[in-house]
Amino acid sequence: MSATLLSLRDLSLEFSLFGRRAYVLNRVSLDVPEARHVALVGESGCGKSVTMRAIMGLLRSPPARITGGEILFDGRDLLTMSAPEREALRGVAMSMVFQDPMTSLNPVFSVGDQMGSILKYADRRLGRARSKAERMTRVYEVLRQVRMPDPERIALAYPFMLSGGMRQRVLIAMALLNETRLLIADEPGTALDVTTQAQILKLLQDLVAERHLALLMITHNLGVVRASANYVYVMYAGSVVEHGPTAALFANPRHPYTRALIDCVPKLSGRTTFRGIEGTLPDYAAPPPGCRFAPRCPHATSVCATPPPDLAVGGAHGVSCWLEAEKAA
Amino acid sequence: MSAPPLLEVIGLSKNFRARGAFGQRAGEVKAVRGVSFAIASGEVFGLAGESGSGKSTIARMILGLTAPSAGAIMIEGVEASPGASRARAIQMVFQNPGSSLNPRRSIGQSIAVPLEAARRRRVAVAARVDELLKMVQLPADFAERYPHELSGGQKQRVAIARALAAEPRLILLDEPTSALDVSVQAKIIELLQELGRTLGLTFLFISHDLSLMRNFASRVGVLYLGQIAEIGETTALFASPAHPYTRSLLASVPVITAEEEAMRPNVPIIEGEVPSPANLPAGCSFHTRCPNVFAPCDAIDPDFTVIAADHRARCHLLRPEADTTLPR
């Protein structure tokens, strides 16, 4: 087993806005080891982007406030670190690939200029001296790593000259420019066509293997998770409800939410009966006291008003549900 | 003789004039090229394709929002005339419910627009709005609410109610669920299936999501760069895709069960991206990405080969005289 690079321990986070408090993250724990591809999957509004922003330190505080837990990077808690220390990690040892390849690039600078300035900024922060030519050599090298043909020509191109798939590759290249050990990818490839998306997922998989990257992928697409991740965390209303190795979790989903979600996905083999999940996400200002899925759960009982335990159900597969506790008892 | 199909499009084409950065003419974009298909009454016909394949342009031409460059659109065997009569026969549900509803009109006002256009009396309009909200399973008091108060799924229900208001024969669904979560998508598709059954509606369903297509459409046309590459009954087309493009497309769909994985064609991921419709490849437009390319592909654009009663594909490989050993 490889070393755990990123570890969230019981992370709780709330937002205060106009005197109202929204209790968004509810004791979230997750681990991202080196050379592993971990997925955090959930529907819109479940808190996956907030989790990612909390890890990167991109949430403005106030309104956001971390009320408990820790975010360990290589064993050190990011939350107790000084601002300059954290700044030295962000964009260097930990980088992000943003969702929309159309809007994340600056339209008025060439790809090479934008990539070069990332290196220049990192060099200045870390007190390194590098000439422009040396920086551009690194830019070409990384563009080649993301399988871009003819890097010298791509570096001179402006974003509008590139296709969606190429822009996504440029964004990945930007995240890899420095000595990145943790890559956080927000919905990689979802803005692209399936054939291009398949190419991007293959690239990410190769990078994890070649560079021993720890990859945390945030997505709403279960198919993408199954096709590429080693390990999955399923999130609902700010809590991790189930987690496990990809194959085990898809073969034997245990949490009622995971099961309902899998049922909702249309199957290529046909015979999907469309039912959906009754109800809507709870109000984060007054979330259910125990299991946050209980109000929509067909199996809910009175015990669900107390927080469910995280139970191991074989191997590294875990579920937060009272149903499993009853089965075990 | 059997009744003519509800909708038939014959040789539909659309060319857009492309302009350069300074407004000068810069050639033509062939967005749709000779597309023909027919939809029987009560059927769900799907058009699948990646971005730039011409799906939305076809929908706009059928609605009468864009004039075709060539070809005919027939409704029940009669050439469709532009204007109000076509609008009553065909309605559309757009992709993004957030931007297809007017934020300054209440839900009731939005649904009433087609009714007022049909010059219904005001009392009748209010009663019909209630009835339509009930059909899409929304409470009657939603008529007083505004779009910003509604969730994405609720807004899409309103858009469906508005499309139903004019009592159309055909509803065009342009990616109606692609902006929604899967659990909400499932509820919208369930609603559409039920409305289709109870009201005897006919749907033209446009989507890039092949798994959804498989479960909703009874017949499918697969578009590539403005042409239908393959067309047929959904079950036959998904079980034995004949065109190399359909096979590659199916192979790249992310799936979640072992059963689906087993039925996915085992072909390598296609390289590269869709070429620009402004600069189409010569011959078969897929030959630049096709794994099976051989002698005639880069010179001759293949015509349809009939594979089964209602299953056709446009590929040289399927022609009986095809000799794949010929060098290119």
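Is B:Glu76 buried, exposed or partly exposed, and how many C-beta neighbours does B:Glu76 have inside 10 Å? B:Glu76 has 14 such neighbours and therefore counts as partly exposed. A residue is buried if 20 or more other C-beta atoms, placed from the backbone, lie within 10 Å of its own, exposed if 12 or fewer, and partly exposed in between.

This is a predicted model, in which local features need pLDDT of at least 70, side-chain atom pairs count only at pLDDT 80 or more, and totals for chains, interfaces and linings use all residues. Residues are numbered from 1 along each chain as its sequence is written, while chains are lettered from A and ligands numbered from 1 in the order in which they are written.

**Chain A overall**

- Chain A has 11 helices and 12 strands; helices (H or I, at least four residues) and strands (E, at least two) are DSSP runs, numbered from the N terminus.
- Along the principal axes, the C-alpha atoms of chain A fill a box of roughly 65 × 50 × 40 Å.
- Buried residues make up 44% of the 329 residues of chain A.
- Of the contacts in chain A between residues at least 6 apart in sequence, 66% join residues at least 24 apart. Two residues are in contact if their C-beta atoms, placed from the backbone, lie within 7 Å.

**Contact between chains A and B**

- Chain A contributes 34 residues to the contact and chain B contributes 33 residues.
- On the side of chain A that touches chain B, α7 (194-211), α8 (222-228) and α10 (256-264) each supply at least two residues.
- The largest share of that side, 6 residues, is from α7(A).
- By class, the side of chain A that touches chain B has 14 nonpolar, 14 polar and 6 charged residues. Ala, Val, Leu, Ile, Met, Phe, Trp, Tyr, Cys and Pro count as nonpolar, Asp, Glu, Lys and Arg as charged, and the others, Gly among them, as polar.

**Helix packing**

- In chain A, the axes of helix α6 (residues 164-176) and α7(A) come within 10 Å and cross at roughly 20°. Axes are lines fitted to C-alpha atoms, for helices over the stretch in contact, and angles run from 0 to 180 degrees between N-to-C directions.
- α6(A) and α7(A) are therefore roughly parallel to each other; angles under 35 degrees count as roughly parallel, over 145 as roughly antiparallel, 65 to 115 as roughly perpendicular and the rest as oblique.
- The crossing of α6(A) and α7(A) is right-handed. A crossing is right-handed if the near helix is turned clockwise from the far one by less than a right angle, and left-handed if anticlockwise.
- A:Gly164, A:Gly165, A:Gln168 and A:Ile172 of α6(A) make the contact with A:Thr196, A:Gln199, A:Ile200 and A:Leu203 of α7(A). This contact has 3 nonpolar, 5 polar and no charged residues.
- In chain B, helix α4 (residues 107-117) and helix α6 (residues 152-165) pack at an angle of about 25°, with their axes 7 Å apart. That makes α4(B) roughly parallel to α6(B).
- α4(B) passes α6(B) in a right-handed crossing. B:Ile107, B:Ser110, B:Ile111, B:Pro114 and B:Leu115 in α4(B) meet B:Val158, B:Ala161, B:Arg162 and B:Ala165 in α6(B). The classes in this contact are 7 nonpolar, 1 polar and 1 charged.

**Backbone geometry**

- Most residues other than glycine have a negative phi, and most peptide bonds are trans.
- B:Glu76, in the loop between β4 (70-75) and β5 (78-79) of chain B, has a positive phi of about 50° although it is not a glycine.
- B:Gln137 is not a glycine either and has a positive phi of about 60°. B:Gln137 lies in the loop between α5 (122-135) and α6 of chain B and is partly exposed, with 13 other C-beta atoms within 10 Å.
- A cis peptide bond joins A:Ser61 and A:Pro62, with omega about -10°. The peptide bond from A:Pro62 to A:Pro63 is cis, with omega near 10°.
- A:Pro62 lies in the loop between α1 (48-56) and β4 (64-73) of chain A.

**Two glycines in loops**

- A:Gly19 lies in the loop between β1 (4-17) and β2 (20-33) of chain A and is exposed, with 5 other C-beta atoms within 10 Å.
- B:Gly49 lies in the loop between β3 (44-48) and α1 (55-63) of chain B and counts as buried, with 26 C-beta neighbours inside 10 Å.
- B:Gly49 and B:His208 are 159 residues apart in sequence and 5.3 Å apart in space, C-alpha to C-alpha.
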